[in-house]
Amino acid sequence: GSYGEATGAVANFGIYGFATATSNSINTYGVYGSASGTTGSVYAGYFAGKTGVSTYLTVDDSIKVNDALVVGTASRPNAYEFAVTGGADGYFGDKLSVQTTTATASLNVKGTNETILMEGTTPYMKLVDGTSQSSFFQASGNDLRIGTLSGNTSGKLIFRFNGTNKNAMDVNGNLGLGTTSPSYKLHVIGGTDTDPGSGGYIVTGSTTSTNISIDDNEIMARFNGAVSPLYLNNDGGDVILCRNSGNVLVGTTTPATGYIVSVNGKVMCEELKVQLSGNWPDFVFADDFKLPSLSEVEQSIQKNKHLPGIPSAKEINDNGIEVGEMQKLMMQKIEELTLYVIELQKQNTTLAQKVNLLETK
């Protein structure tokens, strides 16, 4: 509708518009541009500056475009303010502030490749729920820090899935899997009973090869759906069981009274060593040892139907055999028997000498 061109080193204007409203009900424009068309470049307003020359559009107060974008408002002259449907607004200058009463998120980024980039010496994203307690994401070198800000001594890092809180880490460093209230450094709740093919609370290794499954009271070694040997300190080291109390049970769930190890079944080993706390029966060979006479032994056998000092068959059936104690008792009887044989040999020698004397007469 009009064309303006200005040149020179002083204040020259191609188009200058100045408007003063005399009534609140009248729209007064200093400059008004309206363009329409179907072909070609049609501009309602066009501003072009020459490279290297300070040529620009100067705004004393503000520019308002389609009731949405306001540039250089009186309250924030160095910022860009925009209106949002519903009456809320936001602005951006050296920082971005978004305030809305109708949007579902304070900051919503959509596109083919959604990216939010924050750079700086110690960049971080602070999340506030409306109270003084805050959480943050922070980059520190190659590390990513996630947690609560200093002063928050009760907050947790909670992992939520499908609308439900699942896992958590508390301020003491306790990690909870299946619980948001961990009581230990690793606290696992939930799972199924471990069996050769599946199950467990914790599984290490691939389920299609060698793996170990742990539930609430069982450790099982598996191999691709079948049981596998469980190795403890396979390459060396000691295995200590029930050091202070308790029992070791093999093939049974009921411990034998008075014994640390209970086995329901047969035990085979290459060698068994028993360390006795009592005296080995070498006292039989002491000078003051009173060896029972054979007649006394005979009378005891006739009366009790077992050797004196040896448990009866009923006692053994009821209570079993203490290997170490039985070995000691058997050795005592062998030593006593040896003394009887020596005594008999002496008697035989004496008799042989007497027989020889009688034959020579």
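Before I start, strands here are DSSP runs of at least two residues, numbered from the N terminus. With that numbering, Leu 241 sits in the loop between β16 (226-227) and β17 (248-250). What we are looking at is a predicted model.

First, the overall picture. The protein chain carries three helices and 18 strands. It has 361 residues, and 13% of them count as buried. The chain exposes about 29,300 Å², with carbon and sulfur atoms supplying 52% of that area. On contacts: if you take pairs of residues at least 6 apart in sequence, 14% of the contacts join residues at least 24 apart.

Back to Leu 241. Is it buried or exposed? Leu 241 is exposed, because its relative accessible area is 53% and the cut-off for exposed is over 50%. Leu 241 also belongs to a nonpolar patch on the surface, together with Ile 212, Ile 219, Leu 230, Leu 232 and Val 239. The accessible area of this patch comes to about 540 Å².

Ile 212 lies in β14, residues 210-214, and Ile 219 is in the range of β15, residues 219-223. Which side chains of β14 are buried? Those of Asn 211 and Ser 213, which point to one face.

With β13, residues 202-204, it runs antiparallel, joined by three bridges. In that pair, Val 203 stands opposite Ser 213. The hairpin of β13 and β14 has five residues between the strands, and Gly 205 takes a positive phi near 95°. With β15, the pairing is again antiparallel, over five bridges. There the bridge partner of Ile 212 is Ala 221. The hairpin from β14 to β15 goes through four residues.

Another loop, between β8 (143-148) and β9 (157-161), contains Ser 154. Ser 154 counts as exposed because its relative accessibility is 53%. Its C-alpha atom is separated by 9.2 Å from that of Asn 172, which is 18 residues away along the chain.

Last, the cysteines. A disulfide is a covalent bond between the sulfur atoms of two cysteines. How many disulfides are there in this model? The count is zero, with a cut-off of 2.5 Å between the sulfur atoms.

How values were computed
Residues numbered from 1 in each chain as written. Predicted model: local features only at pLDDT ≥ 70, side-chain atom pairs only at ≥ 80, totals over all residues. Heavy atoms only, no water. Buried < 20%, exposed > 50% of the residue type's maximum accessible area, 1.4 Å probe, protein only. Contact = heavy atoms within 4.5 Å. Areas by Shrake-Rupley, 256 points an atom, 1.4 Å probe, with all protein chains shown as cover. Patch = residues over 30% accessible without salt bridge, like charges linked within 9 Å, V, L, I, M, F, W, Y side chains within 5 Å. Salt bridge = Lys/Arg side-chain N within 4 Å of Asp/Glu carboxyl O. Pairing = 2+ DSSP bridges.
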